[in-house]
Amino acid sequence: MRADRLVSLVLLLRQRGRLTADTLARELEVSTRTVLRDIEALSAAGVPVYAERGRNGGFALLPGFRTELTGLNHDEALALLTAGSGRGEQVFGLGSALASAMRKVTDALPESHRATASDAARRFLVEPETDLLSRRPVPEGVPATTMIEIRRAVLAGHRLRIHYAATGQAPRWRTVDPIGLVTVRDRSYLLATRSGADRTYRLSRVLAAEERPEAAQRPHQVDLDRAWRERCARFLSGDHIAVLVRVAPERREELLGTAVAVRAATPDPDGRLRLEVTYQDLRHAEWALWQLGTDAEVLTPGALRTSLRDRAAAMASLYGDAS
């Protein structure tokens, strides 16, 4: 909404001082032309914003200007609550709302506390792109328009129509009753029911979504953490196979890319990583781990070790007499 953007523009100028139109456009995720129109609108409304020409020029507010601009809208309040429980700035399409909300929170602080709070925030780093062992996987992207429709349906308690591409199947439309959204290890999921049966949909596979006007058939209260644990337990108790494997750190992401799920990860003294992962079946596990060669060693189950040993022996026999 334009009103929220104008508030954010004023707060940016109050907190950072003089900024160029290009910098404001990047911060507000709009075009430079839109920023210039917004500046004109603020000036017409009596906000003392002025332009400074020259190499280091830009837009600024008259010194001492202050107004009450700290009211949070719905998405900003939601973004703060989500961010408090995890990496909310990167999931569920709430990144820009969170940035706007934090500007308002900062502006609401007393002048004497503002600099201290900003400095303290810079001394905490949560979930960086890399860790001490390997590069983090790239978060899965969901188109903004799709995420908005999904989020609206979840919060409003409406049915949701999704165009979903399940693994190994052609994409098709289906109507579901949404329960909640979950993000784990940079992957996001929609928990829902369909014809009364539990369903879990990976958001990166939702190609399009439409919020429906009819009410979703779901309980009024939900324990999302419990629901997620129960679905994980059912998923892992099926025909899947759990594998304990030691892998070279540089091959970690390749291994995780072929696994169905990751249940534990710990470093070994020799620098390798010990991972407990899940595969669809023995054949899937053998295929995936064979790709890693000697960079991966299966510890359990014994049947998988045997099948990989027999496969390696067959290869050695085939090429052993090469001259």
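## Reading helices and rings

Guide: Let's start with helix α3, where Thr34, Val35, Asp38, Ile39 and Leu42 are buried. Keep in mind that this is a predicted model.

Visitor: Okay, but how do I read a list like that? Why do residues three or four places apart point the same way in an α-helix?

Guide: An α-helix has 3.6 residues a turn, so residues three or four places apart end up pointing the same way.

Visitor: How far does α3 reach from its first C-alpha to its last?

Guide: It has 13 residues and reaches 19 Å, close to the 18 Å expected at 1.5 Å a residue. After α3 comes Gly46, with a positive phi near 95°.

Visitor: What is Thr32 in contact with, leaving aside neighbours within four places in sequence?

Guide: Ala21, Asp22 and Ala25. With Asp22 there is also a polar contact, side chain to side chain, at 3.1 Å. You can compare places in sequence and in space too: Thr32 and Thr20 are 12 residues apart along the chain, with their C-alpha atoms 9.5 Å apart.

Visitor: What span should the 13 residues of α7 have?

Guide: Helix α7 runs over residues 144–156, and at 1.5 Å a residue it should span 18 Å; its end C-alpha atoms are 18 Å apart, so the two agree. Next comes Gly157, and its phi is positive, near 75°.

Visitor: Now the rings. What describes a pair of aromatic rings?

Guide: You need the distance of the centres and the angle of the planes. Searching the whole structure turns up 2 aromatic pairs. Tyr164 and Tyr201 make an edge-to-face pair, 5.0 Å centre to centre with 75° between the planes. This pair links distant parts of the chain: Tyr164 is in strand β3 and Tyr201 in strand β6, 37 residues apart.

Visitor: Are Tyr164 and Tyr201 buried or exposed?

Guide: Both are buried. As for the pair of Tyr189 and Trp228, it is tilted, with 5.3 Å between centres and 40° between planes. Tyr189 lies in strand β5 and Trp228 in helix α8, so this pair ties together parts 39 residues apart in sequence.

Visitor: Why do Tyr189 and Trp228 count as buried?

Guide: Buried means under 20% relative accessible area. Tyr189 has 16%, so it counts as buried. Trp228 counts as well, because its value is 18%.

Visitor: What sits over the ring of Trp173?

Guide: The charged end of Arg161 does, 4.2 Å from the ring's centre.

Key
Residues are numbered from 1 along each chain as its sequence is written. This is a predicted model: local features need pLDDT of at least 70, side-chain atom pairs count only at pLDDT 80 or more; totals for chains, interfaces and linings use all residues. Side-chain values use heavy atoms; hydrogens and water are left out. Rings of Phe, Tyr and Trp (its six-membered ring) pair if their centres lie within 6.5 Å; planes under 30 degrees apart count as stacked, over 60 as edge-to-face and the rest as tilted. Helices (H or I, at least four residues) and strands (E, at least two) are DSSP runs, numbered from the N terminus. Buried means under 20% relative accessible area, exposed over 50%, partly exposed in between (1.4 Å probe, protein chains only). A charge sits over a ring if NZ of Lys or CZ of Arg is within 6 Å of the ring centre and within 35 degrees of the ring normal. The expected span of a helix is 1.5 Å times one less than its number of residues. Contact means heavy atoms within 4.5 Å. A polar contact is a pair of N or O atoms within 3.5 Å; within protein, one must be able to donate a hydrogen and the other to accept it, and residues adjacent in sequence count only if both atoms are side-chain atoms.
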